[in-house]
Number of protein chains: 2
Amino acid sequence: MRYAVLGTGEVGRTLGGRLVELGHEVTLGSRSKDNPLAQEWATAAAARARAGTFAEAAAAAEVVINAVGGRVALDALGAAGAEHLGGKILVDVSNPLAFEDGELRLDPVESDSVGERIQRAFPHARVVKTLNTVNVQVMVDPARVPGEHHVFVCGEDAGAKEQVTALLAEFGWPAKRVLDLGGIRSARAVEMYLPLWLTLFRGFGKADFNIEVRRAG
Amino acid sequence: MRYAVLGTGEVGRTLGGRLVELGHEVTLGSRSKDNPLAQEWATAAAARARAGTFAEAAAAAEVVINAVGGRVALDALGAAGAEHLGGKILVDVSNPLAFEDGELRLDPVESDSVGERIQRAFPHARVVKTLNTVNVQVMVDPARVPGEHHVFVCGEDAGAKEQVTALLAEFGWPAKRVLDLGGIRSARAVEMYLPLWLTLFRGFGKADFNIEVRRAG
């Protein structure tokens, strides 16, 4: 599969690297053509790895992964170009986090979500929100955390969620550990989980954790 | 121990009933002296069960449990009276939920929490936020859900959290399944988990579930 991973931060580089290891073709997209992080990543990665602009990455891809921060996602996807996103699966792993005056803040929160904003702005993209509830190392290697812990998918397109569930299986998340939360509106629920994730992270001092949803049979 | 449980809804009656079963003295507090639900509860419960106003309940108690909705908590606690709360452990199990125009909304959200509001309004109470992340049946009978799933405590008073952790053990939550999230500010994190809880509830169609936090050893 040909993937575009938009964003050259740790999330983008780690997801892109894992996809290359799995045999996929990946273009790591950044704002500028000569982003040194992306260039270095592409050189280090493999023949199947390229660096390019957001637009070049999205144009070449069958599946686009948004790995820039939630607050700049619409800008990055706008630069990628609606014409390069239409009809494609658009995986959003972002969170709308920022530190303001030393406080962590979510924006949007509760009455909207990044996932919904992306779907509204790009109505022809098949948006699936997933993986934002775990650290990137856990995203691509869930065995770092013991137990049958879960990730979530939400989105309007059942076929897209199915295909993303298959991608998650490649990362090591079997389908039974992927909980479908319904439409993209549920992005609010998974984005609002972040304060609890961050509070646990502060307490544990490490990011190798996740939640397992336990329920009566 | 002498408990006041403020609120005669399902949460209050269930918590109060379980506390009586455990051998505690419980006054179920309501706005008016002759609340029929509270009277009926007290009659059905046992000699150790009484019904009274918020103020009567709080005055008689060593530990006060806020089991009214988060949005009316300050009103109920104001009626209970600061003079009956000072120095006492005040357990807040509430969530700031309301349905508005068919949408579930939290208020406050993110920049504040019910737990913090209560602690600010009653600075001499020893507020501990806990149990708001599970259904009331699970609160008092965690074995309804399989696995080593967790509840959280947060608050400024370490001794109060210790005592509440002992109460949780009476309910069936051993100390290792009670995660201390630090100060009362973390009430934001557990209150913002509610949209995910509700989304899972809609998906499962039943409330007998909870999360287990799994982490690398």
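Biologist: What makes strand β6 (residues 97-100) and strand β7 (residues 103-106) of chain B a pair?

Modeller: Two strands pair if DSSP finds at least two bridges between them, and β6(B) and β7(B) have four bridges, in the antiparallel sense. One of the bridges joins E100(B) to E103(B). Strands here are DSSP runs of E with at least two residues, and helices are runs of H or I with at least four, numbered from the N terminus.

Modeller: A word on the source: this is a predicted model, where local features need pLDDT of at least 70 and side-chain atom pairs count only at pLDDT 80 or more. Residues are numbered from 1 along each chain as its sequence is written, and chains are lettered from A in the order in which they are written.

Biologist: How do you know whether T14(A) is buried or exposed?

Modeller: Buried means under 20% relative accessible area, exposed over 50% and partly exposed in between, with a 1.4 Å probe and protein chains only. T14(A) has 18%, so T14(A) is buried. T14(A) sits in helix α1 of chain A and, leaving aside neighbours within four places in sequence, is in contact with V136(A), Q137(A) and V140(A).

Note on methods: Side-chain values use heavy atoms; hydrogens and water are left out. Contact means heavy atoms within 4.5 Å.
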